[in-house]
Amino acid sequence: MRNLDTGQEIAVDADVIYPIASVVKVPLAIAVLEAIRGGRLDGARMLELVPDPGTPPPPIGVGRFLHPARVAIEDLIYLAIAISDNAAADALFGLVPPSEVDRTLAEAGIGGIAVRHPMRDLLGVFGGEPGLAHTLAMGARTPGGGHPLAHLDLTRANTGTARALADLLQELWRPTAIHPRVAARVRALMSDGILQRRLGPDFISDATSWASKSGTLLNLRHDAGVVEHEDGQTYAVVAMTESTVPAVAQPAVDALIGRIARALHDHLRDP
C-alpha cells in the first residue's frame, strides 16, 4: 500500500517474488502502446484471429470464438486489459515479444518484473483436471523457486514482486519515464476492467475511482490497482497471494484479500 504523492507505504512481504499471471498484460499494453506511439505499429491495423480447435478454449475472450475474427491492434489491447483476454494478449505478444516488453520496462527504469513468455492455458495440459493441477502447483516448488510447471518456475515464468508492481503503478499514475499519453491510455484501460472480485469490492464507491488488473493462475491470486479519493489522495494497492487450498473457486479467499488490503489502506490514510 503506497501513497503515490508522499511515498508513505505499508507492506507485508513486499519483496517476495511470484509468477504474476495476467498482471503481465499491463507491461504488455505499455510496450504495444509505445510501439504505436513510435510509429512501429499501426493501432488500426487489423489482425485475423483464427480459432484452433485443438487448443482448449480459455475461460473468456476471442479464444472462445467459433469463427475467425478481425480485430484492430488497439482493440486487442482493450480486450487484454479490460476482460483479461489471453488470446488477445498472445496476438499482441506476437507483435511485441516478451523480450521487447522486458526491455521497455528496463528503459523506463522499472525493475523487479521479468517478462519471459506469452500467455498459455496452463490447465489444458491436465486434461480438464483442475484439482490435479492445483495439487501439483502447491506441492512441487523447490527451495530455490523452481517448479516442474514452467509458468510457476521463478526462473522461467513472468515474475514480479508487490513492490515492483507498486513502482509500475507509480510510473503510470505519476509518469516520469513512460510517455504521458501511453500512461494515460493504460490508466483508462485499467479503469475499464470488469473483473473486480478481489480488491475492487472494497475500493469502488461514488467517492473514489478505481483502476486495476488482476491475475489468477492455479493457486495464485493477485490484484494490483490504484484508488483515487475525492480529496486527491491516491494509493497504489498490490496484493500477491498463494493459496494452499486446491480449489478453483475460492470466494472467501478473494473477499479476505480485499478486506486486508482495505485495512492496510485505512491504517495508512488515517493513522
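A salt bridge is a side-chain nitrogen of Lys or Arg within 4 Å of a carboxyl oxygen of Asp or Glu. By that criterion, the side chains of Arg198 and Asp254 form one, at 2.8 Å from N to O. The structure is a predicted model, and a search of the whole of it finds 13 salt bridges.

- Arg197 is partly exposed, with a relative accessible area of 42%.

**Salt bridge between Glu100 and Arg40**

- The side chains of Glu100 and Arg40 meet in a salt bridge at 2.1 Å, N to O.
- Glu100 belongs to helix H4 (residues 98-107) and Arg40 to the loop between H1 and strand E3 (46-49), so the pair ties together parts that are 60 residues apart in sequence.
- Glu100 counts as buried, at 13% relative accessibility.

**Nonpolar cores**

- The largest nonpolar core has 66 residues, and those touching the most other members are Val32, Leu76, Ile113, Leu168, Leu172, Val186 and Met190.
- Helix H1 (residues 25-37) gives the most to this core, contributing 9 residues.
- Leaving aside residues up to four places away in sequence, Val32 touches Leu41, Ile73, Ile77, Leu92 and Val96.
- Another core, of 11 residues, lies apart from it and includes Met1, Leu199, Val227 and Leu268.

- Strand E7 (residues 220-229) has 9 of its 10 residues buried, so it is largely enclosed by the rest of the structure.
- Strand E6 (residues 208-217) runs antiparallel to E7, and 10 bridges join the two; Trp210 has Val227 in E7 as its bridge partner.
- The hairpin of E6 and E7 has 2 residues between the strands, and Leu218 there takes a positive phi near 50 degrees.
- E7 is also joined by 9 bridges to strand E8 (residues 234-242), again in an antiparallel arrangement; Ala224 has Val238 in E8 as its bridge partner.
- In the hairpin of E7 and E8, with 4 residues between the strands, Gly232 takes a positive phi near 100 degrees.

Definitions and conventions: Residues are numbered from 1 along each chain as its sequence is written. This is a predicted model: local features need pLDDT of at least 70, side-chain atom pairs count only at pLDDT 80 or more; totals for chains, interfaces and linings use all residues. Side-chain values use heavy atoms; hydrogens and water are left out. A nonpolar core is a set of buried Ala, Val, Leu, Ile, Met, Phe, Trp, Tyr and Cys residues joined through side-chain atoms within 4.5 Å. Buried means under 20% relative accessible area, exposed over 50%, partly exposed in between (1.4 Å probe, protein chains only). Contact means heavy atoms within 4.5 Å. Two strands pair if DSSP finds at least two bridges between them.
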